[in-house]
There are 2 protein chains.
Amino acid sequence: MDIETAETPDLAKSKRDRILEAAATVFCQDGYTGASIDAVATKAGVSRQTIYNHVGDKDGLFKDVVAALTEKSAANFLLLMEDFPERPENLEAELTAFSARLLNHVTQNKTSRWLLKLAENESGRYPELFTVWREFGSGRKRSMVAAQLSQLALNGYLEFDDAALAARQYLALLTAEWRTEFQLGRFPSEEECAGMAERAVKTFLRAFARR
Amino acid sequence: MDIETAETPDLAKSKRDRILEAAATVFCQDGYTGASIDAVATKAGVSRQTIYNHVGDKDGLFKDVVAALTEKSAANFLLLMEDFPERPENLEAELTAFSARLLNHVTQNKTSRWLLKLAENESGRYPELFTVWREFGSGRKRSMVAAQLSQLALNGYLEFDDAALAARQYLALLTAEWRTEFQLGRFPSEEECAGMAERAVKTFLRAFARR
DNA sequence: ATATTTTTAGACACTATTGTCCAATTGGAC
DNA sequence: GTCCAATTGGACAATAGTGTCTAAAAATAT
């Protein structure tokens, strides 16, 4: 489901899910202060009172949104990481394919994008919340990537001193073009993701492939 | 002057400058909707009416803030770029030194940080504004870096196919650690900038230094 | 010293939002 | 069909913010 066309709430989902989903979009669009409970209620196709029944108040709503997104995002990422190549026949091709999937997930997946935007915008308001997110969210992801890269190094495909740094740089290269071109509203297509992944992996391997 | 300790407005500056400076901090802290004119007035040490006299309304205030920041940031960046090494004796050392200065500027300089944060947060509200910023701000910067990298390639130090891509990846590597570690409130010290620059340049040269 | 412009503080109407209360309605479980 | 919990819509007070107006004060120019 697309953000822009999601005006009709999905009646199959539970009230609670619809509230959290709607709240996520509204918070991201308007920021914490700008988001109104009424707007969330309308978008969720739910009365305002129901929201208060479920989450208490605006603070509770925000915290529940972040908690739900963090959890979902982690689960998705875990699933994705299973495809990381460990003993590839063609390193560049397989790493590129994986990277394209990863990038596609990060940029297209509503959950990831929302969480990222919320983290950037509201970290000042809820530092504790995003300390947790950083540790179990982005930090956890980076260390998963680092572990896989170490595996590749061990298997003789790569060489580097610091796996954590390599992981950070890998992710930075992968999202380099997205950050500058797409973050302001637009989202890359699958083909664009594939192109970005290809260019990122090419540079990454120029730096870290075993010679 | 530090953001946190800037409670006492600088009386030497013109009213207008003080208003724009205060407005920038408040907008960044609270977002467009969350920022109140009263808060800006207090922080600027100015009456609310004066703000309305100068900039018309909240929209005008926001646009003027962005305009002022864009201009200042471009000027600063131009100045910085003059130090980019063109015929270095020690490529890695000189590029690292330049990169450290660049990173320090980007992360420490109030203007840059404010603009970046505003761009990320309010791009949905003012797409035109940030299209302009992207073209003349970040886009302009990237093409300046690309030009310098091309120069280094021409002079036999580097080799790559696409200078614009190399510039993007250079900047991505340079800010990789900052994005993940520091963006949520903390700012790197000069030493930390030096370290990040060193690691970024090392990887960049592994990928692009002429062999 | 005087005239002119800028600034100030506070009052003001207007709107938006939060969070609460409640009576009426709905929907599922049994 | 009856019961119980969840939900609804709407009214409500309380608060906060925008933008306007005004008369007094301050700064600036002449």
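Biologist: What makes the pair of Thr50(B) and DNA strand C a polar contact?
Modeller: An N or O atom in the side chain of Thr50(B) is 2.5 Å from a phosphate oxygen of DNA strand C. A polar contact is a pair of N or O atoms within 3.5 Å; within protein, one atom must also be able to donate a hydrogen and the other to accept it, and residues adjacent in sequence count only through side-chain atoms on both sides. The value of 2.5 Å is within that limit, so the pair qualifies. This is a predicted model, in which local features need pLDDT of at least 70 and side-chain atom pairs count only at pLDDT 80 or more, while totals for chains, interfaces and linings use all residues. Residues are numbered from 1 along each chain as its sequence is written, chains are lettered from A and ligands numbered from 1 in the order in which they are written, and side-chain values use heavy atoms, with hydrogens and water left out.

Biologist: Which part of DNA strand C do His54(B) and Lys58(A) approach?
Modeller: A polar side-chain atom of His54(B) lies 3.4 Å from a phosphate oxygen, and a backbone N or O atom of Lys58(A) lies 3.2 Å from a phosphate oxygen. H3(B) gives the most, with five residues. These helices are DSSP runs of H or I with at least four residues, numbered from the N terminus.

Biologist: How do you know which residues surround DNA strand C?
Modeller: A residue is near a strand if one of its heavy atoms lies within 4 Å of it. 17 residues surround DNA strand C, the closest being Ser36(A), Gln49(A), Ser47(B), Arg48(B) and Thr50(B).

Biologist: Which atoms of DNA strand D do Arg48(B) and Gln49(B) approach?
Modeller: Base atoms. A polar side-chain atom of Arg48(B) lies 3.2 Å from a base oxygen, and an N or O atom in the side chain of Gln49(B) is 2.4 Å from a base nitrogen. Ala35(B) is placed otherwise: one of its backbone N or O atoms lies 3.4 Å from a phosphate oxygen of DNA strand D. H3(A) gives the most to the surface near DNA strand D, with five residues.

Biologist: Why is the pair Lys202(B) and Asp161(A) called a salt bridge?
Modeller: The term asks for a side-chain nitrogen of Lys or Arg within 4 Å of a carboxyl oxygen of Asp or Glu. For Lys202(B) and Asp161(A) the closest N and O atoms are 3.5 Å apart, so the pair passes. Chain A and chain B have two salt bridges between them. H8(A) gives the most to the side of chain A that touches chain B, with 10 residues. That side divides into 10 nonpolar, eight polar and 16 charged residues; Ala, Val, Leu, Ile, Met, Phe, Trp, Tyr, Cys and Pro count as nonpolar, Asp, Glu, Lys and Arg as charged, and the others, Gly among them, as polar.

Biologist: How many residues of chain A and chain B are in contact, and what area is buried between the chains?
Modeller: 34 residues of chain A are in contact with 34 residues of chain B, where contact means heavy atoms within 4.5 Å. The two chains bury about 3100 Å², 49% of it on carbon and sulfur atoms. Buried area is the accessible area (1.4 Å probe) that two parts lose on being put together, summed over both.

Biologist: How is chain A divided into domains, and which side chains meet in a salt bridge with an N to O value of 3.1 Å?
Modeller: Domain 1 is 1–56 and domain 2 is 66–208, with bounds from an automatic or database domain assignment. Their C-alpha centres lie 28 Å apart. The salt bridge is Glu21(A) with Lys110(A), at 3.1 Å, and the count between the domains is one. The side of domain 1 that touches domain 2 has seven nonpolar, three polar and one charged residues. Between them the domains bury about 950 Å², 66% of it on carbon and sulfur atoms.

Notes. Helix = DSSP H or I, 4+ residues; strand = E, 2+ residues; numbered from the N terminus.
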